[in-house]
Amino acid sequence: MSLYCGIACRRKSFWCYRQLSTYVTKTRYLFELKEDDDACKKAQQTGAFYLFHNLAPLLQKSGHQYLAPQHSLLELERLLGKFGQDSQRIEDSVLIGCSEQQEAWFALDLGLNSSSSINASLQKPEVEKELTGSFTELRKALYQLNVKDASLLSTAQALLRWHDTHQFCSRSGQPTKKNMAGSKRVCSSNQIIYYPQMAPVVITLVSDGTRCLLARQSFFPKGMYSALAGFCDIGESLEETVRREVAEEVGLEVERLHYSASQHWPFPNSSLMIACHATVKPGQTEIRLNLRELEAAAWFRHDEVAIALRRNNPYTQQQNGAFPFCLPPKFAIAHQLIKEWVEKPIRFTLPV
Ligand SMILES: NC(=O)C1=CN([C@@H]2O[C@H](COP(=O)(O)OP(=O)(O)OC[C@H]3O[C@@H](n4cnc5c(N)ncnc54)[C@H](O)[C@@H]3O)[C@@H](O)[C@H]2O)C=CC1
Ligand SMILES: [Mg+2]
């Protein structure tokens, strides 16, 4: 990494990248691609594309792992040509990142109805055969993807879903048009700009000092338990949401709070997960389950949770019935929160 000089001068390109750190250079490049449609279109020529079909990413199996293949613009044009589609469809792609060498990464959904092409969506089996991969449900694939691909595909899925569901202006009812990068949509009749949104959600690992509280919703994979989660209500602070959600879901009063980390989560719509540790008042540990929200909740000992953390893929582990419960995938912030609790004592900083 070179030294960050902090001086940005305008030259041929939007920014002069000389002397900036790799991270700053990358960030400025992505900013330029979001602001400048021509620069973004140019970046597609040397860029790499991740393909989706109805929001399921194209994956290839390699042993126990899934790999997310990249395709060049040329390969994509050839594919679209083969299935009778024009390359105009590539304009539906969204920018999702770039490499340190400034190779821009895009995502394109071949299954969703395209706004820039009159042709219908591509047939999944034919495309899978042609590309020697399969369009796989992202939630399931998360257990077998590396963290970089899991994160990239999550961003891509969230952005593709947002564009698919925001094709019309909620004020005028007229169609909105995306910019080349897909970082916004604009209504041509009134110029209202729409930006992709995330709903803030708190996820809290409650502890009584020696045990932690894990819960499950009925739609979780069989046997999976996680930390308590809940959407922030309008007007609430993070602390107020934690306090309300824990009271609502398990009938306990949170005493102290410690912020841990945050994560974008694409399911079922984009959320910003804000992860916290919390303690309950000593001696006040009796769970009163809210059955409208949760199927089950229980206190788990440190050693039980430590064993569950060491298991790999709960989808396969649970099927042979060998384990009483399992935890969310490594990539999920719930997993990180639980791991943090198992590995080191938490210093509680915030009273609620
Ligand atoms: N990344 C991770 O590790 C984890 C992520 N999660 C995510 O956290 C999110 C929230 O967890 P829940 O327990 O379901 O929340 P919750 O406890 O707030 O209950 C969901 C209910 O809240 C209401 N609600 C209020 N605002 C909403 C909004 N903006 N969008 C949707 N529903 C809203 C709806 O009635 C909905 O049925 C879920 O989307 C889930 O996917 C949950 C656990 C782990
Ligand atoms: Mg909840």
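Me: Which pocket does ligand 1 take up?
Reply: Keeping in mind that this is a predicted model, the space taken by ligand 1 is the largest pocket.

Me: OK, and which elements give two or more residues to the shell around ligand 1?
Reply: The elements that do so are the strands β10 (199–207), β12 (228–231) and β13 (254–265), together with the helices α7 (238–250) and α10 (333–343).

Me: How many residues surround ligand 1, and which are the closest?
Reply: There are 19 residues around ligand 1, and the closest are A229, F231, E249, W265 and A334. Sorted by class, the shell has twelve nonpolar, four polar and three charged residues.

Me: What about E249, how far is its side chain from an oxygen atom of ligand 1?
Reply: An N or O atom in the side chain of E249 is 2.7 Å from an oxygen atom of ligand 1. With A229 the contact involves the backbone, where a polar atom is 3.0 Å from an oxygen atom of ligand 1. For A334, a backbone N or O atom lies 3.0 Å from an oxygen atom of the ligand.

Me: And how much of ligand 1 does the protein bury?
Reply: Taken alone, ligand 1 exposes 850 Å², and the protein buries 65% of that area.

Me: Changing topic to the strands: what is the order in the open sheet of three strands?
Reply: The order is β7-β8-β9, and the pairing in this open sheet is antiparallel.

Me: Why is one side of β7 and of β9 left without a neighbour in that sheet?
Reply: β7 (176–178) and β9 (193–194) stand at the edges and each has a single partner strand, so one side of each has no neighbour in the sheet. As for how β7 is held to β8 (residues 185–187), the two pair in the antiparallel sense over three bridges, and K178 stands opposite R185 in β8.

Me: Which residue in the turn between β2 and β3 has a positive phi?
Reply: That is G63, with a phi of about 65°, in the hairpin that β2 and β3 form with two residues between them. β2 and β3 (residues 65–67) pair in the antiparallel sense over three bridges, with L67 in β3 as the bridge partner of Q60. β2 also pairs with β6, again in the antiparallel sense, over two bridges, and there the bridge partner of L58 is F135.

Me: Last topic, the backbone: which two residues does a cis peptide bond join?
Reply: The cis peptide bond joins F267 and P268, with omega about -20°, and P268 lies in the loop between β13 and β14 (271–280). As background, most peptide bonds are trans, and most residues other than glycine have a negative phi.

Me: Then where is T132 found, and what is its phi?
Reply: T132 is found in the loop between α4 (124–131) and β6 (134–135), and although T132 is not a glycine, it has a positive phi of about 45°.

Key:
Residues are numbered from 1 along each chain as its sequence is written. Chains are lettered from A and ligands numbered from 1 in the order in which they are written. This is a predicted model: local features need pLDDT of at least 70, side-chain atom pairs count only at pLDDT 80 or more; totals for chains, interfaces and linings use all residues. Side-chain values use heavy atoms; hydrogens and water are left out. A residue is near a molecule or strand if one of its heavy atoms lies within 4 Å of it. A polar contact is a pair of N or O atoms within 3.5 Å; within protein, one must be able to donate a hydrogen and the other to accept it, and residues adjacent in sequence count only if both atoms are side-chain atoms. Accessible areas come from the Shrake-Rupley method with a 1.4 Å probe; for residues, only the protein chains shown count as cover. On a 1 Å grid over the protein atoms alone, a cavity is a set of points where a 1.4 Å probe fits but cannot get out, and a pocket is an open set with protein on both sides within 12 Å along at least five of seven lines; lining residues have an atom within 4 Å of a point. A molecule sits in a cavity or pocket if more than half of its atoms lie within 2 Å of its grid points. Helices (H or I, at least four residues) and strands (E, at least two) are DSSP runs, numbered from the N terminus. Ala, Val, Leu, Ile, Met, Phe, Trp, Tyr, Cys and Pro count as nonpolar, Asp, Glu, Lys and Arg as charged, and the others, Gly among them, as polar. Two strands pair if DSSP finds at least two bridges between them.
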